[in-house]
Amino acid sequence: MSEEQRAKNVGHPDFMLWNPVEGVMSEAFRPFVIPMVGLVVGGVMMQIPPEKCANAATIGKLVLYFGSQSFMNIYMGWVMRTSVTVPAGTTLANGHVLDTPLTGCPAGFALTAMQQVISFCVFLLFFAAVYFTPYRYVPKKLNSAFDVFCVIIFGCVFALNIALNNFSLGYISIAVNLIIRSCLPLSTFLSQQCLAICGLYPCKPCRAKEISLMAIGVVCAIVFTWARIRGEQAMHPDKVSESTNMLLGVFMCMCSLLCGSLNLALAGVLGETKLNVYDTVAYMAIPATLFLLPIAMFVQKPVPGMWPEVFGRATMSDFEILKGVWALNKTTMAWLVLSGVFSFLYNIVQFSIVHTLSPSATAFGGNFNKAALIFLTLLLPFLRVHELPGEPWIGIIWGAVILNIVAFSYYSMLQIEYKNEAHTKLLGRTASESSSETSSDNEDGSSE
């Protein structure tokens, strides 16, 4: 392969398929280095016997959680925004030669529907494979119309949360997406308080320290996003449409955040369904897909980057984007299909970790993973897929990130402390009641 051809192919999806050795060092693969290391190290640590290291398995699960969550975030950002669909230098049907590559596949709603269908197909394969074995799995039975209603509501809100998040990844960077989603604790708290006012949810205690920390974290996220957009405008003053698209991506990410908060709040309102990851796929995949299909097929949206130039249209539906990608680069479609398999596997890893660690530790791990990935993206050049802005914007970005990480990490630690205190009080109360009953029995025996 000539040096000129190699330079053109670096970062193209086909490059890693046909050149695996050189692809490992390609720009497309570099962002996945740390997640892959996390997956390998976490998997190895989980195999260490408890007698050799008592905490190895727990630490390994957290490292594995970091690796899997980071991998999914980076992979979806790569598929939606930065993977090369049509390389620069390609001659279009109208005779125009692309001077900038067409990247990503900004079809968040269609991709989420596809992921639901693929996850359902993977579940069916698993179900059939183990059906005639001792490991047969049968989904939990829904015993009432209320259970069915809960599943449909959860499925639609959950799908909308993921779809809006995928949508935003086609327009904003992973760092901006993650720092906005780090504000989930405050949006969830506000959703629960609103439902409490309506008498639909128990009122949460308002602790000044917790609210202050959440507010600081949200302000830092706002400052970070503002500085990132202004920095992009300073670097590319001629690309006004890109700044508008970034604002659209930020708005959609905020909508996704609200849906995530609503999903958590609805769990308390509608009742605990106690579905595991397999039940969730079995029951929610089809309603979620049917809910997303009309949006994917009929809703027109502005398309970013070189998409208007390639297709001659400023707005397209997700279905039209997928048709265009299929015609231009079927390898990109393969990456989209693979995201459904990865999504199913990631949900299994997440579910197993949640059920083997405490919810507080898992929540803290999730917040830490977001913060660590943002920090590493800014710190390590090989993780970046976009150039960082210059001063003063990069200084503002660093300050906002550090303060955001400190605020939400401290908030998570407070949550763990409060829950430990409540658990300790509950154990003390139980022990006291048990002691009182024993004393009463002894007195009754003495009187006889």
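Analyst: Helices here are DSSP runs of H or I with at least four residues, strands are runs of E with at least two, and both are numbered from the N terminus. The model is predicted, so local features need pLDDT of at least 70 and side-chain atom pairs pLDDT 80 or more, while totals for chains, interfaces and linings use all residues. Residues are numbered from 1 along each chain as its sequence is written, and side-chain values use heavy atoms, with hydrogens and water left out.

Leu-292 sits in helix α12, which runs over residues 277-298. The relative accessible area of Leu-292 is 0%, so this residue is buried (buried is under 20%, exposed over 50%, partly exposed in between, with a 1.4 Å probe and protein chains only).

Met-297 is one of six residues in a nonpolar surface patch, together with Ile-286, Leu-290, Leu-293, Phe-298 and Phe-319, and the patch covers about 590 Å². Helix α12 gives the most to this patch, namely five residues. Patch members have over 30% relative accessible area and no salt bridge; nonpolar side chains (Val, Leu, Ile, Met, Phe, Trp, Tyr) are joined within 5 Å, like charges within 9 Å. The areas come from the Shrake-Rupley method with a 1.4 Å probe, and for residues only the protein chains shown count as cover.

Next come the charged pairs. There are two salt bridges, each a side-chain nitrogen of Lys or Arg within 4 Å of a carboxyl oxygen of Asp or Glu. One of them joins Lys-301 to Asp-318, with 2.6 Å between the closest N and O atoms. This pair links distant parts of the chain, 17 residues apart: Lys-301 is in strand β3 (residues 301-302) and Asp-318 in helix α14 (residues 318-328). Both partners, Lys-301 and Asp-318, are buried. Another salt bridge is formed by Arg-313 and Glu-320, whose closest N and O atoms are 3.2 Å apart. Arg-313 has 33% relative accessibility and therefore counts as partly exposed. Glu-320 is also partly exposed because its relative accessible area is 25%.

The whole structure contains zero disulfides, a disulfide being a pair of cysteine sulfur atoms within 2.5 Å. For Cys-253, which is in no disulfide, the nearest cysteine sulfur belongs to Cys-183, 9.0 Å away. Cys-253 has a relative accessibility of 0%, so it counts as buried.

Last, a loop elsewhere in the chain. Pro-139 lies between α6 (108-130) and α7 (145-169). Pro-139 has a relative accessible area of 21%, so it is partly exposed. Its C-alpha is 9.5 Å from the C-alpha of Phe-127, which is twelve residues away along the chain.

In short, helix α12 holds the buried Leu-292 and also gives five residues to the nonpolar patch.
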